[in-house]
Structures are given as structure tokens and as C-alpha cells.
Amino acid sequence: MERARPVLDALGSTIVHCGESGAGQIAKACNQLVVLSTIHTVAQALVLAATAGVDPARIREALLGGFANSRILDVHGQRMLDRNFQPGGTVRQNLRDARIVLASAEELGVPLESFEPVADALQALVDDGQEGLDHSALFLMVERAAANAPR
């Protein structure tokens with residue numbers, strides 16, 4: 001790793017050796033597990049607020065001032081409010097990553113029941129021809145589910 005450090009330093013600012021060969025794949029899977037789950041949860045929070053008749057922008061603002069504050073709530077929450085789904089990380093790329101997360105978890109016997117709906121929502125976006133949208137478009141699937149839920 002030390003021999004490669006100059007190249008790694010040019011690629012990023014946080015360099016962490018996580019272990020032997022294969023550990024990087026697990027690190028990436030863990031990152032995507034947290035990122036995609038959080039994007040999905042932010043979408044659920046904003047849709048819950050809107051469905052309850054509460055301004056989701058005000059909810060986001062309030063959450064940014066508390067323990068729920070995160071870069072994802074800040075950046076992707078605003079993208080959801082603006083309905084700006086121009087790609088940063090596309091649905092297609094993130095579905096691939098979600099499959100890696102689930103395959104890794106299955107191979108290791110780690111249950112990820114709360115992540116399966118995230119992967120399903122990404123697949124639904126792909127099935128709808130929206131694979132080129134930003135992964136914050138998970139909001140659209142949560143919004144659709146809420147609109148179709150029995151009341």
C-alpha cells in the first residue's frame with residue numbers, strides 16, 4: 001500500500017487500508033448499503049411529510065438542524081424537493097451496487113431485510129426506463145407507493 005500511496009493520494013483524500021484482497025469490495029458494499037438506505041429513508045421522510053400535509057421543505061430544514069443531519073439529507077433531500085434527478089450516481093450503477101451488497105450479505109449469512117426494499121425500488125426504476133436518473137429518484141418510487149397505498 002505504501003508503494004501505491006502517491007497514486008492513491010492523487011485519487012482521494014481519505015485513504016484507509018481495510019484489509020487483504022477483497023476488503024475493498026466489502027468496503028464499497030458497506031458504503032452503498034449506508035448511502036442507498038439513507039437516500040431511501042430521506043425519500044420516505046419527505047413523502048411522509050407531504051402526505052400528512054406538512055411542507056417537506058420545512059421538515060428537511062428542521063431535520064438538518066438536529067441529529068438526523070447528513071450530507072445525504074442536505075444534498076439529495078434538496079434534489080428530491082426540486083425534483084432534480086439529473087444523474088450524479090445513476091440508478092443503473094446503484095442497482096448494480098445494490099446487487100453486490102445483497103450477494104455479499106447472502107454469501108456471508110448476514111440478513112439485510114431493510115435493504116431489500118431499496119434494491120426493489122431501484123429495480124422498479126430500471127423497469128420503468130428510468131435507469132439513467134440520479135439515485136435520489138428513489139423518491140419517485142416512494143411517492144408512487146404512497147399514492148397507491150390504501151387509505
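Analyst: The account below begins with the whole protein, turns to the core and its helices, and ends with some individual residues.

This is a predicted model, in which local features need pLDDT of at least 70 and side-chain atom pairs count only at pLDDT 80 or more, whereas totals for chains, interfaces and linings use all residues. Residues are numbered from 1 along each chain as its sequence is written, and side-chain values use heavy atoms, with hydrogens and water left out.

The protein has seven helices and zero strands; helices (H or I, at least four residues) and strands (E, at least two) are DSSP runs, numbered from the N terminus. Along the sequence the pattern therefore reads α-α-α-α-α-α-α. The C-alpha trace spans about 60 × 35 × 30 Å along its principal axes. Of the 151 residues, 32% are buried, where buried means under 20% relative accessible area, exposed over 50%, and partly exposed in between (1.4 Å probe, protein chains only). The accessible surface comes to about 9200 Å², and 55% of that surface belongs to carbon and sulfur atoms; such areas come from the Shrake-Rupley method with a 1.4 Å probe, and for residues only the protein chains shown count as cover. Among contacts (heavy atoms within 4.5 Å) with a separation of 6 or more, 68% join residues 24 or more positions apart.

The core itself comes next. A nonpolar core is a set of buried Ala, Val, Leu, Ile, Met, Phe, Trp, Tyr and Cys residues joined through side-chain atoms within 4.5 Å. The largest one here has 31 residues, and M80, F115, L122, L125, L138 and F139 have the most contacts inside it. At least two residues of this core come from each of α2 (23–51), α4 (71–82), α5 (91–108), α6 (116–127) and α7 (138–148). The helix that gives the most is α2, with eight residues.

F139, one of the residues with the most contacts inside the core, touches A43, L46, V47, M80, R83 and F85, not counting residues up to four places away in sequence.

R83 counts as partly exposed because its relative accessibility is 43%. The phi angle of R83 is near 55°, a positive value in a residue other than glycine.

Two packed helices are described by the angle between their axes and the distance between the axes. For α2 and α6 the angle is about 80° and the axes are 10 Å apart; axes are lines fitted to C-alpha atoms, for helices over the stretch in contact, and angles run from 0 to 180 degrees between N-to-C directions. The two helices are therefore roughly perpendicular, since angles of 65 to 115 degrees fall in that class, while those under 35 degrees count as roughly parallel, those over 145 as roughly antiparallel and the rest as oblique. L36, S37 and H40 of α2 meet P117, V118, A121 and L122 of α6 in this contact. These residues divide into five nonpolar, two polar and no charged; for this division Ala, Val, Leu, Ile, Met, Phe, Trp, Tyr, Cys and Pro count as nonpolar, Asp, Glu, Lys and Arg as charged, and the others, Gly among them, as polar.

Further residues of the chain complete the picture. R60 lies in helix α3 (residues 56–64) and counts as buried because its relative accessibility is 10%. Leaving out residues up to four places away in sequence, R60 touches L46, L73, D74, G77, Q78 and L81.

Q25 lies in helix α2 and is partly exposed, with a relative accessible area of 42%. Q25 and I100 are 75 residues apart in sequence and 8.7 Å apart in space, C-alpha to C-alpha. G53 lies in the loop between α2 and α3 and counts as exposed because its relative accessibility is 66%. G53 and I26 are 27 residues apart in sequence and 41 Å apart in space, C-alpha to C-alpha.
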